[in-house]
Amino acid sequence: MKIIGIAGGTGSGKTTVVKKIVEALPPHFVAVVPLDSYYNDTSHMTEEERRAINFDHPDAFDWKLLVKHVEMLRKGIAVEQPTYSYLKCNREKETVHVEPKPVIIIEGIMTLLNKQLRDMMDLKIFVDTDSDERLIRNIQRDCVERGRTVEMVIDRYQKVLKPMHEQFIEPTKKFADLIIPLGGENKSGIHILKKYIEGIVSNDKSSLI
């Protein structure tokens, strides 16, 4: 089993990069573990308290559970991955059943921040995209998917996203084995990444049986 970590700022194009990796692999060869699914359980909080949480701070994530699940997958044990609602600011009751696969992709803004998690990775990737472009993508996504206005997104970006990115996300770039500028638009970077993945597949053909 190979574990790949993909980090980068919100709106950097991580999802596109993950999609490209999945496309390069045989069917049912990869499992994706999103960091966003591992926000802390806030069932004990009031709605007001939940909405006051800084979801771009490391303390917002249940690192212990994520590490435990990745360790279980490495041992060949399936896990019940949490699901998270951005509208409710809390976990849903439903879980996602994740089976161990030859390739596990851990994807999220701070995937490379946690050392225990990082040490389990065979390849660490940082998707690097210009801050203006990331802001535009955040506006487009949050207004459509999360019911926010443009003013709300810009205000959150200035007060939360930008300072958290500079403090916690950008510094993890130094841990990356491969930095992909422009995210999914970087055809050369994606090509190099695909070649690496194809190498994993060719060296582990027994896993396809």
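K124 is in contact (heavy atoms within 4.5 Å) with G5, L112, R118, F175, A176, D177 and L178, when residues up to four places away in sequence are not counted. The model is predicted, and local features need pLDDT of at least 70, side-chain atom pairs count only at pLDDT 80 or more, and totals for chains, interfaces and linings use all residues. Residues are numbered from 1 along each chain as its sequence is written, and side-chain values use heavy atoms, with hydrogens and water left out.

K124 belongs to strand β6; helices (H or I, at least four residues) and strands (E, at least two) are DSSP runs, numbered from the N terminus. With a relative accessible area of 15%, K124 is buried (buried means under 20% relative accessible area, exposed over 50%, and partly exposed in between, with a 1.4 Å probe and protein chains only). Between the C-alpha atoms of K124 and I179 the distance is 8.7 Å, although the two residues are 55 apart in sequence.

Strand β6 is part of an open sheet of five strands, in which the order is β2-β5-β1-β6-β7 and the pairing is parallel. The edge strands, each pairing on one side only, are β2 (30–34) and β7 (178–181). On average, neighbouring strands of this sheet are turned by 20 degrees against each other, direction ignored. Such angles run from 0 to 180 degrees between N-to-C directions, and axes are lines fitted to C-alpha atoms, for helices over the stretch in contact. Two strands pair if DSSP finds at least two bridges between them; β6 (residues 123–128) and β7 are joined in the parallel sense over four bridges. Within this pairing, L178 in β7 is the bridge partner of I125. Helix α1 (residues 14–24) lies across β1 (2–8), β2, β5 (103–107), β6 and β7, and runs at about 155 degrees to β1.

The whole structure holds six salt bridges, a salt bridge being a side-chain nitrogen of Lys or Arg within 4 Å of a carboxyl oxygen of Asp or Glu. Side chains of opposite charge can pair when their charged atoms come close. One of the six joins D177 and K124, at 3.6 Å from N to O. D177 lies in the loop between α6 and β7 and K124 in strand β6, so this pair ties together parts that are 53 residues apart in sequence. D177 is partly exposed, at 47% relative accessibility.

In another salt bridge, the closest N and O atoms of R91 and D62 are 3.1 Å apart. Because R91 is in strand β4 (residues 90–98) and D62 is in the loop between α2 (47–51) and α3, the pair ties together parts 29 residues apart in sequence. E170 and K173 also form a salt bridge, at 2.7 Å from N to O. E170 is partly exposed, with a relative accessible area of 30%.

Helix α6 (residues 150–169) spans only 23 Å between its end C-alpha atoms, whereas a straight helix of 20 residues would span 28 Å at 1.5 Å a residue; the expected span is 1.5 Å times one less than the number of residues. The helix bends by about 50 degrees at Y157, the bend being the angle between axes fitted to the seven residues ending there and the seven starting there. Buried residues in α6 include Y157, L161 and H165.
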